[in-house]
Structures are given as C-alpha cells and as structure tokens.
Amino acid sequence: MKMHMKYRCVFPNCTYETDSRALMEFHHVNPRELKVKLNKDIEIPLCPNHHKMIFHPETKAGQHSRQYENSLSVTQVTNTTTGQAVIFKDFLYGLARIGKM
C-alpha cells in the first residue's frame, strides 16, 4: 500500500499544501554556488511564492541574489523537541519569523 505524503510550505501561516513533490519547491539553505561542505544538503519546502522571496546576500548571481522590499532570508534551521524549526529574517520589518518542518 502506497502512503501519500503531504508537502507543506514551512513559512509561518502559509496554508500551501500539496500531495505532489513536483508542485513544492525545495530551497537549499546553503546556496549550491557557494559550495558549502558542512550541512550542504539541507533543503526546506517552500511554496513557489515564498521561495521567490528568499534572498542570499552571499550570492552573486541567480534567483536569490536580488533583494526586494519583501525579501526573506533563512537565518537558521534548528532542532526542537517537536522536530525542526526554520528561522526567517523579514527585510521589510527586520523581524524574525519561525516556521516548523
């Protein structure tokens, strides 16, 4: 019997959810272009709208190299007693937002 997996955007208060991995975008926390050796394969599921908002100040080219007013950055992925949490920085308000994986 095949189990159906639900994919959910980890951005706080986002309701995007799908059964199809192809409809979810997986963000590399450490940009591939930086060739980070440690924790290089950490990916977080984001809906297409929130994935477009991610900004990496270290990158020089590509989708995440441009900062906009509503840009976000992933500042940390951490273990909690109930799983993992993703901490986002909101550039517009300078706030930290926490999502659960």
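A salt bridge here means a side-chain nitrogen of Lys or Arg within 4 Å of a carboxyl oxygen of Asp or Glu.

First, a word on what you are looking at. This is a predicted model, in which local features need pLDDT of at least 70 and side-chain atom pairs count only at pLDDT 80 or more, while totals for chains, interfaces and linings use all residues. Residues are numbered from 1 along each chain as its sequence is written, and side-chain values use heavy atoms, with hydrogens and water left out.

**The chain as a whole**

Helices (H or I, at least four residues) and strands (E, at least two) are DSSP runs, numbered from the N terminus. Read from that end, the order of elements is β-β-β-β-α-β-β-β. Of the 101 residues in the protein chain, 34% count as buried. Buried means under 20% relative accessible area, exposed means over 50%, and partly exposed lies in between (1.4 Å probe, protein chains only).

Side chains of opposite charge can pair when their charged atoms come close. In this model, Lys-6 and Asp-19 meet through their side chains in a salt bridge, at 3.1 Å from N to O. Lys-6 sits in the segment before β1 (7-8) and Asp-19 in the loop between β2 (17-18) and β3 (25-28), so the pair ties together parts that are 13 residues apart in sequence.

Three strands form an open sheet in the order β5-β6-β7, with antiparallel pairing; two strands pair if DSSP finds at least two bridges between them. β5 (72-80) and β7 (95-100) are at the edges and have a single partner strand each, so one side of each lacks a neighbour in the sheet. From one strand to the next, the twist averages 25°, taken between axes that are lines fitted to C-alpha atoms, for helices over the stretch in contact, with angles from 0 to 180 degrees between N-to-C directions.

β6 (residues 83-90) pairs with β7 in the antiparallel sense over six bridges. Asp-90 lies in β6, and its bridge partner in β7 is Leu-95. The side chain of Asp-90 also has a polar atom 2.9 Å from the backbone nitrogen of Leu-92, and it reaches the backbone nitrogen of Tyr-93 at 3.2 Å.

Tyr-93 belongs to the loop between β6 and β7. Together, Leu-92, Tyr-93 and Leu-95 make a nonpolar surface patch of about 320 Å². Patches are made of residues with over 30% relative accessible area and no salt bridge, joining like charges within 9 Å and nonpolar side chains (Val, Leu, Ile, Met, Phe, Trp, Tyr) within 5 Å. The areas come from the Shrake-Rupley method with a 1.4 Å probe, and for residues only the protein chains shown count as cover.

**Accessibility of some residues**

| Residue | Relative accessibility | Class |
|---|---|---|
| Asp-90 | 6% | buried |
| Asp-19 | 47% | partly exposed |
| Asn-49 | 54% | exposed |
| Tyr-93 | 59% | exposed |
| Thr-15 | 76% | exposed |

**Two pairs across the chain**

Two table entries also take part in pairs separated along the sequence. Asn-49 lies in helix α1 (residues 48-52), and its C-alpha atom is 9.5 Å from that of Glu-25, 24 residues apart along the chain. Thr-15 is in the loop between β1 and β2. Thr-15 and Cys-47 are 32 residues apart in sequence, with their C-alpha atoms 9.2 Å apart in space.

Technical notes:
Polar contact = N/O pair within 3.5 Å; in protein donor to acceptor, adjacent residues only side chain to side chain.
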